Amino acid sequence: MRVLFDQSTPVPLKHHLPGHQIQVAFELGWSRLTNGELLVTAESRFDVLVTADRNLRHQQSLAGRKLAILVLPTTSWPQLIAHTQAIAASLAEMKPGEYRELSF
(Lines give C-alpha, C1' and ligand atoms only; values in the text may rest on other atoms or scores of the structure.)
Protein backbone atom coordinates (compact mmCIF):
# COMPACT_ATOMS: atom_id res chain seq x y z
CA MET A 1 0.00 0.00 0.00
CA ARG A 2 1.23 3.52 -0.81
CA VAL A 3 1.08 5.55 2.40
CA LEU A 4 1.63 9.25 3.02
CA PHE A 5 2.46 10.58 6.48
CA ASP A 6 1.48 14.20 7.00
CA GLN A 7 3.47 16.51 9.25
CA SER A 8 1.63 15.40 12.40
CA THR A 9 2.59 11.74 12.01
CA PRO A 10 5.73 10.63 13.87
CA VAL A 11 8.25 9.45 11.27
CA PRO A 12 9.57 6.51 13.39
CA LEU A 13 6.19 4.83 12.87
CA LYS A 14 7.21 3.97 9.32
CA HIS A 15 9.71 1.42 10.65
CA HIS A 16 6.82 -0.49 12.23
CA LEU A 17 4.74 -0.76 9.05
CA PRO A 18 6.58 -3.30 6.88
CA GLY A 19 5.27 -4.08 3.44
CA HIS A 20 4.06 -0.54 2.75
CA GLN A 21 5.62 2.18 0.61
CA ILE A 22 5.72 5.11 3.02
CA GLN A 23 6.63 8.69 2.21
CA VAL A 24 6.52 11.81 4.36
CA ALA A 25 4.84 15.01 3.14
CA PHE A 26 7.72 17.14 4.44
CA GLU A 27 10.31 15.08 2.55
CA LEU A 28 8.28 15.52 -0.65
CA GLY A 29 8.36 19.30 -0.23
CA TRP A 30 4.66 19.42 0.56
CA SER A 31 4.94 21.10 3.97
CA ARG A 32 3.40 24.35 2.71
CA LEU A 33 0.30 22.72 1.23
CA THR A 34 -3.00 23.34 2.98
CA ASN A 35 -4.99 20.28 4.05
CA GLY A 36 -7.20 20.60 0.98
CA GLU A 37 -4.23 20.89 -1.37
CA LEU A 38 -2.53 17.96 0.34
CA LEU A 39 -5.59 15.74 -0.14
CA VAL A 40 -5.89 16.61 -3.83
CA THR A 41 -2.17 16.15 -4.45
CA ALA A 42 -1.92 12.90 -2.48
CA GLU A 43 -4.98 11.28 -3.98
CA SER A 44 -3.30 10.46 -7.29
CA ARG A 45 -0.11 9.07 -5.71
CA PHE A 46 -1.16 7.37 -2.47
CA ASP A 47 -3.72 4.92 -1.12
CA VAL A 48 -3.79 6.14 2.50
CA LEU A 49 -3.01 9.35 4.35
CA VAL A 50 -1.93 8.87 7.98
CA THR A 51 -2.47 11.92 10.16
CA ALA A 52 -3.16 12.96 13.74
CA ASP A 53 -5.37 15.86 12.62
CA ARG A 54 -8.78 15.00 14.11
CA ASN A 55 -10.28 18.17 12.66
CA LEU A 56 -9.64 17.13 9.06
CA ARG A 57 -13.11 15.65 8.54
CA HIS A 58 -14.70 18.88 9.79
CA GLN A 59 -12.47 21.14 7.68
CA GLN A 60 -12.50 19.25 4.38
CA SER A 61 -15.09 17.55 2.23
CA LEU A 62 -14.08 13.89 2.25
CA ALA A 63 -17.06 12.54 0.31
CA GLY A 64 -16.18 10.87 -2.97
CA ARG A 65 -12.47 10.65 -2.28
CA LYS A 66 -10.44 7.56 -3.21
CA LEU A 67 -7.77 8.37 -0.65
CA ALA A 68 -8.31 6.55 2.65
CA ILE A 69 -7.52 8.49 5.82
CA LEU A 70 -6.27 6.93 9.04
CA VAL A 71 -6.28 9.31 12.01
CA LEU A 72 -3.99 8.61 14.94
CA PRO A 73 -5.13 9.66 18.44
CA THR A 74 -1.93 11.57 19.21
CA THR A 75 1.28 12.92 17.71
CA SER A 76 3.29 11.53 20.62
CA TRP A 77 5.64 8.76 19.50
CA PRO A 78 6.15 7.47 23.09
CA GLN A 79 2.38 6.95 23.32
CA LEU A 80 2.02 5.44 19.84
CA ILE A 81 4.88 2.96 20.08
CA ALA A 82 2.87 0.67 22.35
CA HIS A 83 0.14 0.47 19.69
CA THR A 84 2.12 -0.08 16.49
CA GLN A 85 0.53 -3.51 15.90
CA ALA A 86 -2.97 -2.04 16.13
CA ILE A 87 -1.98 0.79 13.78
CA ALA A 88 -0.50 -1.70 11.30
CA ALA A 89 -3.64 -3.86 11.44
CA SER A 90 -5.90 -0.87 10.85
CA LEU A 91 -3.76 0.31 7.97
CA ALA A 92 -3.93 -3.12 6.33
CA GLU A 93 -7.74 -3.09 6.53
CA MET A 94 -8.27 0.35 5.01
CA LYS A 95 -10.52 0.55 1.94
CA PRO A 96 -10.46 3.33 -0.69
CA GLY A 97 -12.19 6.46 0.60
CA GLU A 98 -12.50 5.14 4.16
CA TYR A 99 -12.05 7.51 7.10
CA ARG A 100 -11.02 5.88 10.38
CA GLU A 101 -10.09 7.45 13.70
CA LEU A 102 -8.10 5.28 16.07
CA SER A 103 -8.34 5.50 19.86
CA PHE A 104 -6.35 3.64 22.48
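Good morning. I begin with the strands: β1, residues 2–5, and β3 run parallel and are joined by three bridges. Please keep in mind that this is a predicted model. Within that pairing, L4 has L49 as its bridge partner in β3.

On to the next pairing of β3. Strand β4, which spans residues 68–71, is joined to β3 by four bridges, and these two strands also run parallel. Here V50 has L70 in β4 as its bridge partner.

Is strand β3 covered on one face or on both? Both faces of β3, residues 48–51, are covered. V48 and V50 are buried on one side, while L49 and T51 are buried on the other.

R100 counts as buried because its relative accessibility is 18%, and the cut-off for buried is under 20%. Which side chain does the side chain of R100 meet in a polar contact? The partner is the side chain of E93, at 3.0 Å. Beyond four places in sequence, R100 touches I69, L70 and V71, together with S90, E93 and M94. One of these residues, L70, is the bridge partner of V50 already mentioned.

The second residue is E43, located in helix α1, which covers residues 35–43. The side chains of E43 and R65 form a polar contact of 3.1 Å. With neighbours up to four places away in sequence left aside, E43 is in contact with R65, K66 and L67.

That concludes the presentation. Thank you.

Conventions
Residues numbered from 1 in each chain as written. Predicted model: local features only at pLDDT ≥ 70, side-chain atom pairs only at ≥ 80, totals over all residues. Heavy atoms only, no water. Polar contact = N/O pair within 3.5 Å; in protein donor to acceptor, adjacent residues only side chain to side chain. Contact = heavy atoms within 4.5 Å. Buried < 20%, exposed > 50% of the residue type's maximum accessible area, 1.4 Å probe, protein only. Pairing = 2+ DSSP bridges.
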